[in-house]
There are 2 protein chains.
Amino acid sequence: MRKGERTRQEIIRRAAPVFNQKGYDGAALSDLMGATGLEKGGIYRHFASKQALAAEAFDYAWAQTFRARVHDLGVIANSIDRLKQMVANFVERRGTIPGGCPLLNTAVDTDDGNDVLRERARKALEGWRSYVAGIVQEGIKARQIHKHADPRKVAMLLISSLEGAIMVARLTRSDEPLEVVQRYLDGYLEDALRAEPQQPPLRS
Amino acid sequence: MRKGERTRQEIIRRAAPVFNQKGYDGAALSDLMGATGLEKGGIYRHFASKQALAAEAFDYAWAQTFRARVHDLGVIANSIDRLKQMVANFVERRGTIPGGCPLLNTAVDTDDGNDVLRERARKALEGWRSYVAGIVQEGIKARQIHKHADPRKVAMLLISSLEGAIMVARLTRSDEPLEVVQRYLDGYLEDALRAEPQQPPLRS
């Protein structure tokens, strides 16, 4: 990697927590200078605008966060167990980027403006939703999940519930909302989605 | 009401959508001047600071929002039906204040600073949670709800799920997340919480 590119990546890495904690409008140039140790010119040599830097910082923060949430899911054979582990990861593997969930923060922050950043958040959500829907789809195919389950709706339910729980958890400075929602989603996955084990066909 | 007080209330009413849409940092003085039709001096004659105005604007926005969510619940005798109607109100009675849910917005906006506003959001959440827990408590007493239900945990679950759904709904510009979560919560209220009707005691 060339030195210029290394510097660029380092700026993104250091700016990400600033945007995630303070929001787009709240992240002042002085904050970004403090976090990167660079002057204004040193930062904007690498980025066309604050918005361009914020967009890259979001992508970086989301990549870290998503990686924590899907940590080690690949090794779990059963789809229901994989979904339960994703919920557990969500509850247990927080704080990869200071300031809470970048998706929640950026969605709320850009809700009434800032279309570039909003589009990044929308894509992040869609990517996560497709990932979860894919697990459900596989589970249906493998007869681990009821065939009437709607993969994209299941994904929407899990994501909405978890994101709401993290908002309430951060507001109350308590893990209880996450634990309550985890127990509830686990119950849903077990009781409403998990298919009964198939009886092996009878042979005479 | 004295003229000064009327002006003060009118400033709050007009500033509320600005803060709810743009956030605390994003709401510039020029936005507040535009919304109220007043000069800086005309606004700050009535409020000690931007934070003081934002706090009152939040309380106003939350009062409107809460009222819409608990609309007509009092006339419903059964506690489960009352909770289901609260969920339905949440889904159907949006947009009282432009910019989405003031609780979600303010919680995320003040997550890493602005303790005065954050405390207002925390109190709003606690008030809503107590209100919902109260319905569950009454339901247990009236044997409409299973006696093992934990009123405050049920409240936490409903609130977290609904708030997450509204975030995802606004990001995707779609009602689907709200409908998915509503169906799921209705199922939970019916299947996990509603107590079987009591048999009348046998008499010889």
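This is a predicted model: local features need pLDDT of at least 70, side-chain atom pairs count only at pLDDT 80 or more; totals for chains, interfaces and linings use all residues.
Helices and strands are runs assigned by DSSP, a helix having at least four residues and a strand at least two, and they are numbered from the N terminus.

Figure 1. From the N terminus on, the elements of chain A run α-α-α-α-α-α-α-α-α. That comes to nine helices and zero strands. The C-alpha trace spans about 80 × 40 × 25 Å along its principal axes. Chain A has 204 residues, and 42% of them count as buried. Of the contacts in chain A between residues at least 6 apart in sequence, 65% join residues at least 24 apart. The mean pLDDT of chain A is 93, with 96% of its residues at 70 or more.

**Figure 2. The side of chain A that touches chain B.** Here 37 residues of chain A are in contact with 37 residues of chain B. On chain A, two or more residues each come from helix 1 (3–26), helix 6 (102–109), helix 7 (115–141), helix 8 (151–172) and helix 9 (176–193). Helix 8 of chain A gives the most, with 15 residues. By class, this side of chain A has 17 nonpolar, 10 polar and 10 charged residues. The model scores ipTM 0.91 and pTM 0.92.

**Figure 3. The kink in helix 1 of chain B.** Helix 1 of chain B covers residues 3–26, which makes 24 residues. Its end C-alpha atoms are only 30 Å apart, whereas a straight helix would reach 34 Å at 1.5 Å a residue. A kink of about 75 degrees in this helix is centred on Asn20(B).

**Figure 4. Buried residues of helix 1 of chain B.** Asn20(B) is one of the buried residues of this helix. The others include Ile11(B), Ile12(B), Phe19(B), Lys22(B) and Tyr24(B).

Technical notes: Residues are numbered from 1 along each chain as its sequence is written. Chains are lettered from A and ligands numbered from 1 in the order in which they are written. Two residues are in contact if their C-beta atoms, placed from the backbone, lie within 7 Å. Ala, Val, Leu, Ile, Met, Phe, Trp, Tyr, Cys and Pro count as nonpolar, Asp, Glu, Lys and Arg as charged, and the others, Gly among them, as polar. pLDDT is the predictor's confidence in each residue, from 0 to 100. The expected span of a helix is 1.5 Å times one less than its number of residues. The bend at a residue is the angle between axes fitted to the seven residues ending there and the seven starting there. A residue is buried if 20 or more other C-beta atoms lie within 10 Å of its own, exposed if 12 or fewer, and partly exposed in between; C-beta atoms are placed from the backbone.
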